[in-house]
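Here's a quick briefing on one model, built around a helix, its contacts and a sheet. Have a look at the structure first, then go through the notes below.

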Amino acid sequence: MNSAHDLGGQMGFGPVVPEPNEPVFHGDWEKRVLAINVAAGAMGAWSIDEIRHHRESLPPAQYLSASYYEIWLAALDKVLVKHGFLTSAELLSGKPAPGRREPKRVLKGEEVPAVLRRGFPYEREAKAPARFAVGDTVRTIVMHPQHHTRLPRYARGKQGVIERVTGCHVFPDTGSQGLPETAQWLYTVVFAGPELWGRDADPTSTVSIEAWESYLEPA
């Protein structure tokens, strides 16, 4: 969706200033937010792309003023209420109420290390040949979806070249809407800097993005 999270190419936000010796967590509460997100995701009620959608759909003023884990926590509140595991009243009172939905699975503490080591593979078996090949010139589509997508605004309607075919992977745009899982071929597409940023851009610069097949059309 077109919201505050999609900042590529926008002006006025100042330089990115890395934090020297940045810690993994800035406080114990951030550790707890990560742990709760892992446990809640293991319940199996939503996909990673659906909760990404909820993060991105926070009001711009809230999103831009919140820290990384504050955004994670706010989105988790939304998705838990949406799927019936919490009510808005419970969030306000901090006290559990009867009648809420029970999860399909409860992730136990001793299971967490194995779950994190295993990761979350998203490659799937292809049901059709790839439409594009390395070296093909393509153009990205122009779209303005109301859901999470991995095609950023600055790269829509732009011409690039297929650099790599990376296999068939879960399509995030479908999962973000809570729809049954689908998969598409995924490509690395390289764009010249001036194609994205205009004639004043460094002519030697390039930008690569990972683009699903339905984002692309022959140029």
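This is a predicted model: local features need pLDDT of at least 70, side-chain atom pairs count only at pLDDT 80 or more; totals for chains, interfaces and linings use all residues.

Residues are numbered from 1 along each chain as its sequence is written, and side-chain values use heavy atoms, with hydrogens and water left out. Helices (H or I, at least four residues) and strands (E, at least two) are DSSP runs, numbered from the N terminus.

**Helix H4**
- H4 covers residues 68-82, and its 15 residues should span 21 Å at 1.5 Å a residue, which agrees with the 22 Å between its end C-alpha atoms. The expected span is 1.5 Å times one less than the number of residues.
- Its buried residues are Tyr 69, Ile 71, Trp 72, Ala 74, Ala 75, Leu 76, Val 79 and Leu 80. Buried means under 20% relative accessible area, exposed over 50%, and partly exposed in between (1.4 Å probe, protein chains only).
- Those buried residues pack against H1 (28-41), H2 (48-56) and H3 (60-65), with contact meaning heavy atoms within 4.5 Å.

**Where H2 meets H4**
- The axes of H2 and H4 come within 8 Å and cross at roughly 115 degrees. Axes are lines fitted to C-alpha atoms, for helices over the stretch in contact, and angles run from 0 to 180 degrees between N-to-C directions.
- On the H2 side you'll find Glu 50, Ile 51, His 54 and Arg 55; they meet Ile 71, Trp 72, Ala 75, Leu 76, Lys 78, Val 79 and Lys 82 in H4.
- His 54 sits in H2 and counts as buried because its relative accessibility is 8%.
- Setting aside neighbours within four places in sequence, His 54 is in contact with Ala 75, Lys 78, Val 79 and Lys 82.

**The sheet**
- An open sheet is built from 5 strands in the order E4-E3-E2-E1-E5, with antiparallel pairing. Two strands pair if DSSP finds at least two bridges between them.
- E4 (206-212) and E5 (216-218) stand at the edges with a single partner strand each, so one side of each has no neighbour in the sheet.
- Direction ignored, neighbouring strands of this sheet are turned by 40 degrees against each other on average.
- E1 (residues 137-140) and E2 (residues 159-170) run antiparallel and are joined by 3 bridges; Arg 139 has Gln 159 in E2 as its bridge partner.
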